[in-house]
Amino acid sequence: MGKEYREELVGVFGDPVDENPTVVVAQKAFETMGIPYRYLTINVHPEDLKAALEGLKAMNFKGMHLTIPHKVAAIPYLDSISEEASIMGAVNTIVNLNGKLYGENTDGKGFMTSVINAGIEVCEKKVTMLGAGGAARAIAVELARAGIGELVIINRSEERGRGLVETLKNHFPDLTVSYRRWNHTMVIDENTNILVNTTDIGLYPHVDARPDIDFNSIHSRMVVCDVIPNHPHTQLLKEAERRQAKTIDGLGMLINQCVESIRYWTGKTAEAEVMKEALAEEYGIDVYY
């Protein structure tokens, strides 16, 4: 029998997506695991999302990651989604099960693993979250499950922000959760223990963008987290570091959510340490994971 050349295909859909570094960790993981998988970074415009998802079936992809702006928009085109993804109202991982597209969300789990591995205790803490989109919904659900004491959601769209508040109240009635309209330069409540940016502010190519908040309201007792993976050292994190706050970038979340996604696609567990080393080499920095 001759050598087999066919590779199983997975990847990521996004717009923009060119600088998304998931390919670095995923491909390194596949090589280390010794399995013939290829990770593709694919730019898909919002108006083409339905056709792109149909293409997964036609080309027999094993699965796909979804990033901005597709995590919510893809749901109507999937055959089924997990209970967790349904609560979150967002999907970041698709699995092709015999021609049926199944949606899952590994973002929140990836974020929580990153925070725990950085030595941060979240139980009974007050969390302020910037944004109310797909990543925010996933992270908020996992934070609620972890027993945080209070969550404040800051978002420009009142409808989306209050919608997330209602979702959390319905599923976590003991959680204190509220919404604040993001108007002008927001002051972060001084009692905030953990500040999380879940928006795309700072995402490549707009790496110099800064969220419209009062940076002087960040203090050294806060932990400041950003989910942006490219470039990970965002302006928000730089401002937080200037004020001696502990910071966690988006690369740890990227690694951990990818470990979970690979398990769904292959049935095997990738080595997070190998993936961490690949990212550290790519960016020349330390990575919490």
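Cys 258 is buried, with a relative accessible area of 0%; buried means under 20% relative accessible area, exposed over 50% and partly exposed in between, with a 1.4 Å probe and protein chains only. The closest cysteine sulfur to that of Cys 258 belongs to Cys 225 and is 20 Å away, too far for a bond. Cys 225 is also buried, at 1% relative accessibility. Its own closest cysteine sulfur is in Cys 123, at 16 Å, which again is too far for a bond. Over the whole structure, a search finds 0 disulfides, a disulfide being a pair of cysteine sulfur atoms within 2.5 Å.

This is a predicted model, in which local features need pLDDT of at least 70 and side-chain atom pairs count only at pLDDT 80 or more, while totals for chains, interfaces and linings use all residues. Residues are numbered from 1 along each chain as its sequence is written, and side-chain values use heavy atoms, with hydrogens and water left out.

Gln 257 is part of helix α8, which covers residues 251-266. Helices (H or I, at least four residues) and strands (E, at least two) are DSSP runs, numbered from the N terminus. Gln 257 counts as buried, at 7% relative accessibility. Leaving aside residues up to four places away in sequence, Gln 257 touches Thr 22, His 65, Asn 92, Thr 93, Thr 106, Asp 107 and Gly 110; contact means heavy atoms within 4.5 Å.

Another helix, α7, spans residues 235-242, and its buried residues include Gln 235, Leu 236, Leu 237, Glu 239 and Ala 240. Among the elements that cover the buried residues of α7 are β10 (194-197), β11 (223-226) and β12 (246-248). Just after α7, Gln 244 has a positive phi of about 65°.

The protein as a whole has 9 helices and 12 strands. Its radius of gyration is 19 Å, close to the 19 Å that the globule rule gives for 289 residues, so the protein is as compact as a globular protein of that length. This radius is taken over C-alpha atoms, and the rule is 2.2 Å times the number of residues to the power 0.38. Along the principal axes, the C-alpha trace spans about 65 × 40 × 30 Å.

Of the 289 residues, 54% count as buried. Among contacts with a separation of 6 or more, 71% come from residues 24 or more positions apart. The accessible surface comes to about 13,100 Å², and 46% of it belongs to carbon and sulfur atoms; accessible areas come from the Shrake-Rupley method with a 1.4 Å probe, and for residues only the protein chains shown count as cover.
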